[in-house]
Amino acid sequence: GSMPGKTRPPNQAPAPAIAGDSLHGQLQFDQAGGAIRFDGFRMMLMYSTLLARLKHEIAARGGYQSARDAVERLGYAEGTKIALLAHERGRGGSFDELMAVAAQVWSLTGNAHLTRHRADIRPADDVFEVEVELTNCVEAMAHVDAFGPSREPTCWLQTGAASGLCTAHLGTTVQFREVECVAMGHAACRLVGKRLEAWGSAGDELTGYLRADDLINRFSLGQTPSLPPLPEPFTDVVGIAPDFVAALEQLRQVA
């Protein structure tokens, strides 16, 4: 089947089918051009502690929950790319095939060693419950290196990616929650995923990154706009979405 909304950029042609079961050939280093590519997409190397410090900086400015939502949103988008990768190669038809591709990508990109521990998937009964384990997870270890042990699970990027991966595969919203984390002192990071409805009231706290970002397309509450000042009467409006900007331009013309 097709995956609506999971298409590549116009200049991004699908990579040819891979022989065998390895994705290693999709990771390419172009030293002369200063580029790294995986599956044709540009990649970058960075120190693992940078991820922990970026999360810390976001939390310091916007609060813990906002930081978690933002990072999980990023992970969610990346997870859908992994589902696309499996789909394009004819290896996303079953959940086992999808997880085989995901495990390779998690490893190749240096995120973690991913293992599926338990899966109860019965689409006819609207049942989807999956448990995965991440060992040697860079996100948790980077947090410990930068800040020491944590009282909360720290693998927001991994949780978002698993949610995006399985949502794209299943076609309905799947949410993962980290129930054990190396940063909290556990032996490994363990994620549990269910359909959103199956979480019940607990699902409310898991969906922050699926809601519209309240920092975009809103009237500011006294803060200085981050964009250049607009002519009156639009000096207190902040927005970056194309439709929103177009609507403002129409309002300017009417004014």
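The model is predicted, so local features need pLDDT of at least 70 and side-chain atom pairs count only at pLDDT 80 or more, while totals for chains, interfaces and linings use all residues. Residues are numbered from 1 along each chain as its sequence is written, and side-chain values use heavy atoms, leaving out hydrogens and water.

Let's begin with confidence. The protein chain has a mean pLDDT (the predictor's confidence in each residue, from 0 to 100) of 81, and 75% of its residues reach 70 or more. Confidence is highest in strand β7 (residues 189-195), at a mean of 96, and lowest in strand β8 (residues 218-219), at 51. Helices (H or I, at least four residues) and strands (E, at least two) are DSSP runs, numbered from the N terminus. Over residues 9-20, pLDDT is below 50.

Now look at helix α2 (residues 64-88). At 1.5 Å a residue, its 25 residues should span 36 Å, and its end C-alpha atoms are 37 Å apart, which agrees. The expected span is 1.5 Å times one less than the number of residues. After α2 comes Gly-90, with a positive phi near 70°.

Which parts does the pair of Tyr-64 and Trp-156 tie together? This pair has ring centres 5.3 Å apart and planes at 90°, so it is edge-to-face. Rings of Phe, Tyr and Trp (its six-membered ring) pair if their centres lie within 6.5 Å; planes under 30 degrees apart count as stacked, over 60 as edge-to-face and the rest as tilted. Tyr-64 belongs to helix α2 and Trp-156 to helix α5 (residues 156-170), so the pair joins parts 92 residues apart in sequence. The structure holds 2 aromatic pairs.

Finally, visit two loops. Most residues other than glycine have a negative phi. Asp-126, although not a glycine, has a positive phi of about 60°, and you will find Asp-126 in the loop between β4 (113-122) and β5 (127-135). Asn-136 also has a positive phi, near 60°, and sits in the loop between β5 and α4.

Note on methods. Contact = heavy atoms within 4.5 Å.
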